[in-house]
Amino acid sequence: SVGPNSTGNDFGFAPKRGQLINDLKFGILPTNGKSASFWKKQLQVAVSGKGTAEIPVDSLIVYVAKMRGLLLTDPFTLPGGNGLQAALDLLSRPVKTDLDQLVRELLAAEFNHVSGRGIISTDPELQLFLIGWGETLVNNLGGITAFAAGTTSSTTEDAIYIFTHLNSSVG
């Protein structure tokens, strides 16, 4: 039913972070994701119109549209027309805190998910659940606007490791 926002909840989902880290580290959980740097380059070419990109602009626009309605309304509303500039701005921000890095890797994981990349040869819902977990972490840490907060926890560090490795082709 419709009611007030329910912030600060994990909705009963707590991934086995240690097992995920181990499975990613040793290639037990294979991935074919692309890095945050890859997605940044694709967006730079799309926004500027200069250079060569692997992903066509039209595809990036479709990906952003899918991401806008993926799970939570935040953190990635990506305002402003097709949202490409907003996504590029997030990937271009300097990484000064763990929250900066988490947002960067989570955004790349969402691009990977909507483009059919990421975890392969396993339960297809696992990646979506992990993205939901990541979005909840970002929102509970103050959201995108809290970039300067500098919040660090073992959960945040584990999430960064997990998303960074989901965004790398291994296994």
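Helices, taken as DSSP runs of H or I with at least four residues, and strands, taken as runs of E with at least two, are numbered from the N terminus. On this basis the protein chain of the predicted model contains 7 helices and 2 strands. Their order along the sequence is α-β-α-α-α-α-α-α-β. The chain has 171 residues, of which 44% are buried. Its accessible surface amounts to about 8600 Å², and carbon and sulfur atoms account for 53% of that area. When contacts between residues at least 6 apart in sequence are considered, 72% of them link residues at least 24 apart.

In soluble globular proteins, nonpolar side chains tend to be buried together. The largest nonpolar core of the model comprises 44 residues, and the members that touch the most others are W39, L60, F111 and F163. Two or more residues are contributed to this core by each of α1 (17-25), α2, α3, α4 (84-92), α5 (98-114), α6 (124-140) and α7 (154-166). Helix α5 provides the largest share, with 9 residues.

The aromatic residues were examined next. A pair of aromatic rings is described by the distance of the centres and the angle of the planes. Across the whole structure, 4 aromatic pairs are found. One of these joins F38 and W39, with 5.1 Å from centre to centre and 85 degrees between the planes, an edge-to-face arrangement. Both F38 and W39 are buried. A further pair is formed by W39 and Y63, whose ring centres are 6.2 Å apart; the planes meet at 85 degrees, so this pair is also edge-to-face. Because W39 belongs to helix α2 (residues 36-48) and Y63 to helix α3 (residues 57-68), the pair ties together parts separated by 24 residues in sequence. W39 has a relative accessible area of 0% and is therefore buried. Y63, at 14%, is buried as well, because burial is assigned under 20% relative accessible area. Together with F111, the residues F38, W39 and Y63 make up one aromatic cluster. The ring of F38 is also approached by a charge: the charged end of K34 sits over this ring, 5.1 Å from its centre.

Contacts of two further residues were then listed, leaving out neighbours within four places in sequence. For F163, the contacts are L102, E105, L106, A109, L130, I131, W133 and G134. One of these partners, L106, is located in helix α5. The relative accessible area of L106 is 0%, so this residue is buried. In turn, L106 touches P75, F76, I131, G134, E135, V138 and F163. L106 and V138 are 32 residues apart along the chain, and their C-alpha atoms are separated by 9.0 Å.

A polar atom of the T136 side chain lies 2.9 Å from the backbone oxygen of G132. T136 has a relative accessible area of 13%, which means that the residue is buried.

Technical notes
Residues numbered from 1 in each chain as written. Predicted model: local features only at pLDDT ≥ 70, side-chain atom pairs only at ≥ 80, totals over all residues. Heavy atoms only, no water. Buried < 20%, exposed > 50% of the residue type's maximum accessible area, 1.4 Å probe, protein only. Contact = heavy atoms within 4.5 Å. Areas by Shrake-Rupley, 256 points an atom, 1.4 Å probe, with all protein chains shown as cover. Phe/Tyr/Trp six-rings, centres within 6.5 Å; stacked < 30°, edge-to-face > 60°. Lys NZ or Arg CZ within 6 Å of the ring centre and 35° of its normal. Core = buried A, V, L, I, M, F, W, Y, C linked by side-chain atoms within 4.5 Å. Polar contact = N/O pair within 3.5 Å; in protein donor to acceptor, adjacent residues only side chain to side chain.
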